[in-house]
Amino acid sequence: MNRRTIIGLAASAMMLGTSCIPSFAEDPIKIGAVVELSGGGAVAGTNYRDGAMLAAKEINASGGVLGRQLEVTQYDTATDPQTSRALVQKAIDEGAYAIWGTVYSSSTIVNMMVAQQAGVPQITGSEAPNITAQGNPYIFRSSYGAQKGVPALTAYFKDTLGAKKVAVAWVNNEFGKGGHDVFIEEMKKAGIEVAADIPSEAGAADFASDVARIKDSGADAVFVYLHEEESARFLREAHKQAIPQPLVGEVTLTGQKVIELAGEAANGAVAHVGLTADAPLETFQNFGKAFEAEYGRTADHNAIKGYVSAYMLKYGTEKAGEVDREKFINTMHGLCLTAEEAPGLLLDTCWDDAGEMSRASFIMEVKDGKQVVTGTVPAN
Amino acid sequence: MEQFLQVLLSGLATGSIYALAAIGFTLVWQAAQTVNFAQGEFVMVPAFFVLVAMNMGMPFWLAMIIAMLVSVFLLGYLFKRAIVEPMQRQGHGNSLSLIIVTMALAILLKESVKEFYGAEAQPYPALMSSETWNIGGAIISVTDVLHLVISLGVVLLLTLFLDRTRTGRAMQATAQNPGVAEILGVDTNRMILYTFLINAALASLASFLITPVYLAKFSNGEYLGLIAFIAAIVGGFNQIRGALAGGLLIGVLDNMVATYLTAEYRAAIPLLLLIVVILFKPEGLLGTSEGRSV
Amino acid sequence: MKRNLFLLAGLIALFLLPIGQGNYFILILCSWLMFTIAAMGLNLTLGYAGQISLAQASFIGIGAYVTAIMTLAGIHWILAALASVIVCFVIGILIGFPALRVKGHFLAFVTLAFNQLVVLVARNEDWLTGGSYGKFNMPRPDFGFYHIRTNLDMYYMIVVIFVIFAVLMYGLIRSPWGRAFKALRENPIRAESLGVDTRRITLLAFAVGSASAGLAGAIMSPLVQFIEPNSFALLHSLKILLMVIVGGAGYFFGPMLGAAVVILLPEFLRFTEGYYLIIYSAMVIILMVFSPAGLMGIGEKILTKIRPNQQVRKDMEKGAQL
């Protein structure tokens, strides 16, 4: 081996070395977006993904997180809990700093155990109460759980409507059952009788008997806790059978998609809404415009959850001061951020030690095919 | 009483659409021994052809005609020529392989609609106004009545066609005994093709009727396919009126059970009915024991 | 001799496969073997006895729930797995008996309905099954000398179970009962005239097939540590049926190949993003239209072409089929 080659080797080794060191600090932060992009949850998952990707784009355009870009890899769970579990594992194997998703509670409840075992923070779009009740320190919500959302309606049933008897129509899956169980409990506490308790299948198309039963149940008001499309079909059947009771629900009863599908049948429906691009606040409306400009359709609450998830990661990591999973979760627990310092969260928001979130919310009513805010519920 | 009437009428209206899907299923089954697991998707897809045609600027009526023609070509002609025929030529037309192919076809149709049109439910224009009538306290819409009238009309026309025309009788002969029909000079292959075309047309019709109620969605076929299948077996798979009766019976029973017995287990009733019928009257409620077994 | 060497190589490959692989890939391997067990059971019903069952996923479900309920109550996994297998065998007899009374493919329809009913019961009977929340945190088995903890441990446990299962299955097919299956498939009328009780044999095949799914379920519980009703929906029964058909019904190792294709192919096609199911289903249609006997059928066709020696080929065919 002559001298020349030795020098050459040394030079190339040095070049390798120098090219390695700075790139280490600028390495992108890997994120695994494990979302329902196909199967029954495709609509919710796609919206969540699009909201998150919009936020990631904004974050990267404005200098990233602590100077590092976000590199988001998408994983499609096909709305299958076991696949979602395997994919969270895969995302972690591939070096994800944090996980975004899943939206469906039945998936989150399974895959959150994997992230917990690996010590990887996970920001979910799920709302089932039991997710933050497992004592898992790595899970954070991007919208509050049903156990917080549904009780906000109790006062509406009791004081505003003066209901003595109510009926409840709910979808018989993880999501619907979570809301249903909380609602029944709340009604018991408020001394309101549940006159009809009617579950239906996810994807159900025929609500004739459900509506007929509610109509005859003697209830003063109806709590409707279904997914968007089923809500639209329910509203149309209720309109057809000219049901006299007021229909009250959560965000899934009055969303833009529901109004589009149900047409005039949606008028008069009332809902407690945590996240809506129609909220009378500048932050929400700016987000709504940005989303529409990017994807050519209106944002729903799942899109907002995705958007908030991405920004939670940014603000939490920046508050922690470095890209460190343990520091991130310790910072997030008990963190409160205002909309001024963290505009990406859209509203003043706090997280407790279980990863549950609290923020203000709205009571909305559909009037002439438009959602109108009729009241505000303070953070609880 | 009002409630009973309401549930009965609603059940008949939905049941009549199940019947349309079940009739086509029965025809193909008889003629080609093909259990079509994609039948539900055959009902889901035509509505999207209508939406595509309307997005291209066509009026609703023209879009429906185009969608019907496209469906008959793709889901009738092409299905028969490109899939069923080659498999039957290899001696596997009656086998499991064909069943698997129809299952894969169901996934292909569903996923294609989702990828190329959209995963979200789409509003779909109704054939009739949303006007409603009040019959003894029960509220029934013009659309509901239309569904019933169309289903009954189709059964009547089909029965007349099969019994009174030369082609119809040749089709029946093919279904009952293809060997003998062939000897008698019937072009059995052509007759089988006709049943596939009729099936696609019936599925399109069911699609145009049900989609305004169900909303246009890629996953609509999953439930409809299963119900069409159960209705066909329960009613009697070798009789058109059997499929009609099966569809109506399931529509009514489903709604009655959900109203008066149990909402949790409403989906179990058609399944239990299916099991009971198979165990005690395998030829179906209105079926005759003659003719070929499955 | 050659055949034994081949089996040995396969066995060694099974042990070497997960080495150096990530957790995700090991999980995929585990579910591949688990589904192979269920699919081999179905292959007995379908490939040897000629009856379609669309309830295989629900039997996995029954096995998984039985195991989950028992292990969560502190009973050892071995006993729970045994109970799962027995329960599925008995239920198999109970539904198979009346359904097979009628000639024709009625077992397919009865099992289809049964699968849906099982899912409904699992979802609505919260007190037993946990309803739509399902059951979670099932313990992984502790064999005293060895406590299964990681996915890799789980994989080796499944390999051992799989090998024992395959040997038992092979023994069953080689036994007089197994030969009766074969006689039945090739010529039911002749089999009957020779005094084979076709109904009893078919029923036995179905019950053993169901019990195999119960075993797969018993594995699933500690493997994924979470079960909920939708994991056992009809769609999954169709998937298992697909495994058997794609692999080639009636070939002993067909289900292994079929399960690999059904489970792994979507992984390879994932780069196509949303289109993978479209490509996948289109490939299945094309495969079936051109080779209705499945992948093993293609392999055989190719073998016939390259090896004109008829004698050798016939031996091989016999070996592969039995």
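Helices here are DSSP runs of H or I with at least four residues, and strands are runs of E with at least two, both numbered from the N terminus. By that count, chain A comes to 14 helices and 15 strands. Keep in mind that this is a predicted model.

**Chains A and C side by side**

Here are the overall numbers for these two chains.

| Property | Chain A | Chain C |
|---|---|---|
| Secondary structure | 14 helices, 15 strands | 15 helices, 2 strands |
| Radius of gyration | 23 Å | 20 Å |
| C-alpha box along the principal axes | roughly 100 × 40 × 35 Å | roughly 55 × 50 × 45 Å |
| Buried residues | 58% of 380 | 51% of 322 |
| Contacts joining residues at least 24 apart, among those at least 6 apart in sequence | 65% | 75% |

**Inside chain A**

Chain A splits into domain 1, made of residues 27-144 plus 280-358, and domain 2, residues 148-273. Taken over C-alpha atoms, the centres of these two domains of chain A sit 29 Å apart. Where they touch, domain 1 of chain A puts in 10 residues and domain 2 of chain A puts in 13. Sorted by class, the domain 1 side of that contact in chain A has 3 nonpolar, 6 polar and 1 charged residues.

Now for a sheet in chain A. Five strands form an open sheet in the order β2-β1-β3-β4-β5 (chain A), with parallel pairing. Which strands stand at the edges? In chain A they are β2 (70-76) and β5 (139-141), and each has a single partner strand, so one side of each is left without a neighbour in the sheet. From one strand to the next, the twist averages 25 degrees.

Zooming in on one pairing, β1 (residues 29-35) of chain A runs parallel to β2(A) over 7 bridges. Ala33(A) has Gln74(A) of β2(A) standing opposite. Helix α3 (residues 81-93) of chain A lies across β1, β2 and β3 (98-100) of chain A, and runs at about 175 degrees to β1(A).

**Where chain C meets chain A**

How many residues does each chain bring to the contact between C and A? Chain C supplies 16 residues and chain A supplies 16 residues. On the chain C side, helix α2 (residues 23-48) of chain C gives the largest share, with 4 residues. That side of chain C has 8 nonpolar, 6 polar and 2 charged residues.

**A residue to look at in chain B**

Val101(B) sits in helix α4 (residues 96-116) of chain B. Is this residue buried or exposed? Val101(B) has 29 other C-beta atoms within 10 Å, so Val101(B) is buried; the cut-off for that label is 20 or more.

What does Val101(B) touch, leaving out residues up to four places away in sequence? The partners are Ile83(B) and Met87(B) in chain B, plus Ile285(C), Met288(C) and Val289(C) in chain C. Val28(B) makes a handy reference point: Val101(B) and Val28(B) are 73 residues apart in sequence and 15 Å apart in space, C-alpha to C-alpha.

Note on methods
Residues numbered from 1 in each chain as written. Chains lettered and ligands numbered in written order. Predicted model: local features only at pLDDT ≥ 70, side-chain atom pairs only at ≥ 80, totals over all residues. Contact = placed C-beta atoms within 7 Å. Nonpolar A, V, L, I, M, F, W, Y, C, P; charged D, E, K, R; others polar. Pairing = 2+ DSSP bridges. Axes fitted to C-alpha atoms, helices over the stretch in contact; angles between N-to-C directions. Domains from an automatic or database assignment. Rg over C-alpha atoms; globule rule 2.2 N^0.38 Å. Buried ≥ 20, exposed ≤ 12 C-beta atoms within 10 Å, placed from the backbone.
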